[in-house]
Amino acid sequence: MNRFFETLDNFFAKIEKIFLVIGVSVMILVVFFDIILRELFDGGFIWAKELAAFLMIWVGFVGASLAAKENKHIVVGIPEKLFPKKVLPYVSLFASVIIFTVTILIAYLGFNYVLETKEFGETSLVLNIPLWIVQIIIPASLVIIAFRFIGIGIQIFQGKISSIGAGGKEELTQIEEDK
């Protein structure tokens with residue numbers, strides 16, 4: 001089961017990386033050409049700002065999911081300062097459980113909001129696309145993040161990492177040096 005989870009997680013990570021490259025590239029190109037057209041030719045794309053905003057939402061949430069995969073998300077370093085190294089894994093394991101629970105709860109609420117938006121048939125102002133398509137990334141990425149925190153919890157339990165947000169290889173090296 002652990003092998004299946006890892007394979008699935010790696011598959012999602014590859015898709016996320018590809019999307020991030022394409023999403024950021026498209027966002028930069030659209031905004032760049034829109035500015036050039038507006039400044040030099042009094043033209044521009046009426047849809048550029050809306051598309052860039054939607055891509056920014058998607059890139060942000062997909063990036064957050066990938067950061068969770070690589071254990072490089074933003075965390076407050078208070079546990080490392082408050083607890084001894086021997087207790088830190090237990091605190092981090094507890095924090096992983098809390099983060100998983102809260103993230104699943106917010107994802108559930110997000111899915112309900114997306115369903116509500118879909119039910120009302122709301123569309124974007126300029127691109128005229130259904131808003132639920134833009135919003136679905138929020139609960140979907142939160143579900144992926146939540147399950148990645150299960151993986152982080154398993155790594156903590158196995159002794160591969162000692163805390164959340166430590167960033168993988170750097171911490172593994174540090175753990176080996178401490179032993």
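Biologist: What does Lys69 count as, and at which relative accessibility?

Modeller: Start with the scale: a residue is buried under 20% relative accessible area, exposed over 50% and partly exposed in between, using a 1.4 Å probe and protein chains only. Lys69 has a relative accessibility of 26%, so it counts as partly exposed. Two notes before we go on. This is a predicted model, where local features need pLDDT of at least 70 and side-chain atom pairs count only at pLDDT 80 or more, while totals for chains, interfaces and linings use all residues. Residues are numbered from 1 along each chain as its sequence is written, and side-chain values use heavy atoms, leaving out hydrogens and water.

Biologist: Which side chain meets that of Lys69 in a salt bridge?

Modeller: A salt bridge here is a side-chain nitrogen of Lys or Arg within 4 Å of a carboxyl oxygen of Asp or Glu. The partner of Lys69 is Asp9, with 3.5 Å from N to O. Lys69 belongs to helix H2 (residues 48-69) and Asp9 to helix H1 (residues 2-41), so this pair ties together parts that are 60 residues apart in sequence. Helices (H or I, at least four residues) and strands (E, at least two) are DSSP runs, numbered from the N terminus.

Biologist: With which residue does Arg148 form a salt bridge?

Modeller: With Asp9 again; the closest N and O atoms are 2.5 Å apart. Arg148 sits in helix H6 (residues 137-158) and Asp9 in H1, so the parts that this pair ties together are 139 residues apart in sequence. Both Arg148 and Asp9 are buried, and for Asp9 the relative accessible area is 14%.

Biologist: Which residues are linked in a network of salt bridges?

Modeller: Asp9, Glu16, Lys69 and Arg148 are linked in this way. The count of salt bridges comes to 5.

Biologist: Where do Asp34 and Arg38 lie, and how many residues apart are they?

Modeller: These two are in helix H1, 4 residues apart, which means about one helical turn separates them. Asp34 is buried at 4% relative accessibility, whereas Arg38 is partly exposed at 36%.

Biologist: How many residues does H1 have, and how far does it reach from its first C-alpha to its last?

Modeller: To judge a helix, compare its reach with an expected span, which is 1.5 Å times one less than its number of residues. H1 has 40 residues and reaches 57 Å, close to the expected 58 Å. Its buried residues include Ala13, Leu20, Met27 and Val30, and what covers the buried residues of H1 includes H2 and H6. After H1 comes Asp42, with a positive phi near 50°.

Biologist: What do the buried residues of H2 pack against?

Modeller: They pack against H1, helix H5 (131-135) and H6. Among the buried residues of H2 are Phe54, Leu55, Val59 and Leu66. H2 has 22 residues and reaches 31 Å, close to the 32 Å expected. Asn71 follows H2 and has a positive phi, near 55°.

Biologist: Which residues make up the largest nonpolar core?

Modeller: In soluble globular proteins, nonpolar side chains tend to be buried together. A nonpolar core is a set of buried Ala, Val, Leu, Ile, Met, Phe, Trp, Tyr and Cys residues joined through side-chain atoms within 4.5 Å. The largest one has 9 residues: Ala68, Ala107, Leu142, Ile145, Phe149, Ile152, Ile156, Ile161 and Ile164. H6 gives the most to this core, with 5 residues. A second, separate core of 6 residues includes Ala13, Leu20, Val59 and Leu66.

Biologist: Which residues is Ile152 in contact with, leaving aside its neighbours within four places in sequence?

Modeller: Contact means heavy atoms within 4.5 Å. With those neighbours left aside, Ile152 touches Ala68, Asn71, His73, Ser96, Ile161 and Ile164.

Biologist: How many helices and strands does the protein chain have?

Modeller: The chain has 7 helices and 0 strands. Of its 179 residues, 30% count as buried. Among contacts between residues at least 6 apart in sequence, 72% join residues at least 24 apart.
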